[in-house]
Amino acid sequence: MATGRQHAIVLGGSMAGLGAARALTNHFDHVTLVERDELPVATASRKGVPQGQHAHGLLPSGYRILSDYFPGMMDALVADGALSGDLTGDFLWYQYGGWKLRADCGLTGIVVSRPHLERAVRERVLALPGLTLLQGHDGEEPVFDKATRRVTGLRVHNRTTGAIATLEADLVVDALGRGSPSPKWLAGWGYGEVAETQVPIEVGYATAVFERRPGDLYGSTGAVIAGTAPQATRFAALLGAEGNRWIVTLAGCLRDYPPTDLAGWTEFAASLPTRDVADLVRDREPLGPIASYRFPANRHCHYEKLAAFPEGYLVIGDAVCSFNPIYGQGMSVALSEARALDDCLAKGDDDLARRFFAKVTGIVASPWAIATGEDYRYPQVEGRRPPGFGLVSRYMERAHRAATRDPVVLRRFFEVASLLAPPPAMMAPAIAWRVLVGGGRIGPTSPARKVAPGAKRQATPAGGHVEGQPQT
């Protein structure tokens, strides 16, 4: 704990705010978490997280950070009914016209509902020494001292009584998500307009929950089923959640929104590139109403480009950058940023904002490239394509095909997708050779059974049978 760091405030109690609060407890005597909702004690969705009812992915990078910050939490979640396993051996992936090779890649993950995961994290954060929750309060605006050019606290509004109070703080962190007023506040303090990049995608979700039965979905923990852009706009994510449930989220981009009535929802499911979702739910009734959600655009606020930034203030999570949720990156990116905040504070307070936003820029670069790179495959999506976009897109198509047969390409692909390796790692010479040789066509894969560990697996240039691979 650093001398002189007495009090930090975090605005927003979702995953980004919880991660930031956990990091700050390593460096401040006291941390206050300000949240407008009255937070549920049990596992439940809440107004402040409208996307919480839908399928969420925690990537291996996020899994590792949470395991480090909260030892034993993952085992406790599994004891509560969550499913843990290998990212590719136990979870299934249908992309670019074929099933990825079902083989252990050594990347561990957990499949659990967003409300249950958030509850587990929240319980542990609130149990930390020196942590106070101020729920049912809005953060009206940080207190900005014009003379010292720093934020010195936060004005809060009690939503029940209407009372306004001022909390003093050495650091205020905005984790308010996409609706963050930080750009407005910064402009009002004289720091100018925050540059922003948007890539519209107009994604819509519709999620139904069903009973999960033994042997469902080839005995897997879940699956992602994606159509191939630019022809297809429809996707699905199936997550085996606690309570023996399937969370089944259908999604469509470019306003191809799935219906919320059961007949229309089922018809949408049947239009996916495989019949697995339609077959799974054919003889089952949803356990509740079908929930919907809309996401308009990838959005990146470039705080790192401001000429100056007030001391005592930072922005984190979706308030900095939010991505097309189809790719399941948001929670893991937010946790990575919390870890970056921890690391920056460990090196002192000098030039904190510049150092932190430089790290955040590096963290979001990979998921931004992944999300927008896929979205840009649709010609209707507006935005400037990066140099070499067409060449990279064609290479990645071959990489997807190679990953249906080659475990080396498979692992590297998911290391990049999980934010454990940068996108250029997909083009390392040893990987590029396997992609070019083995990406000629979809391999003879099936998700029905896992390839045994250690089975000899080599890509074949003509796309013939690979030893150790079950035939279909």
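How many aromatic pairs does the structure hold? The structure holds 18 of them. Rings of Phe, Tyr and Trp (its six-membered ring) pair if their centres lie within 6.5 Å; planes under 30 degrees apart count as stacked, over 60 as edge-to-face and the rest as tilted. This is a predicted model, in which local features need pLDDT of at least 70, side-chain atom pairs count only at pLDDT 80 or more, and totals for chains, interfaces and linings use all residues. Residues are numbered from 1 along each chain as its sequence is written, and side-chain values use heavy atoms, with hydrogens and water left out.

**View 1. Phe-144 and Trp-189 form a stacked aromatic pair.** The ring centres are 5.0 Å apart, with 10° between the planes. Phe-144 belongs to strand 8 (residues 137-145), and Trp-189 to the loop between helix 5 (182-188) and strand 12, so the pair ties together parts that are 45 residues apart in sequence. Helices (H or I, at least four residues) and strands (E, at least two) are DSSP runs, numbered from the N terminus. Phe-144 and Trp-189 are both buried. Buried means under 20% relative accessible area, exposed over 50%, partly exposed in between (1.4 Å probe, protein chains only).

**View 2. Trp-189 also pairs with Tyr-313, edge-to-face.** Here the centres are 5.6 Å apart and the planes 80° apart. Tyr-313 sits in strand 17 (residues 313-315), 124 residues from Trp-189. Both Trp-189 and Tyr-313 are buried. One aromatic cluster includes Phe-144, Trp-189 and Tyr-313, together with Tyr-191, Tyr-303, Phe-309, Phe-356 and Phe-357.

**View 3. Strand 15 (residues 245-252) is largely enclosed by the rest of the structure, because 7 of its 8 residues are buried.** Two strands pair if DSSP finds at least two bridges between them. Strand 12 (residues 196-211) pairs with strand 15 in the antiparallel sense over 8 bridges. Thr-207 stands opposite Thr-249 of strand 15. Strand 14 (residues 234-241) also runs antiparallel to strand 15, joined by 8 bridges. Arg-234 has Gly-252 in strand 15 as its bridge partner. The hairpin of strand 14 and strand 15 has 3 residues between the strands, and in this hairpin Gly-243 takes a positive phi near 80°.

**View 4. Arg-339 lies over the face of Tyr-69.** The distance from the ring centre is 4.6 Å. A charge sits over a ring if NZ of Lys or CZ of Arg is within 6 Å of the ring centre and within 35 degrees of the ring normal. Arg-5 lies over the face of Phe-28, at 6.0 Å from the ring centre.
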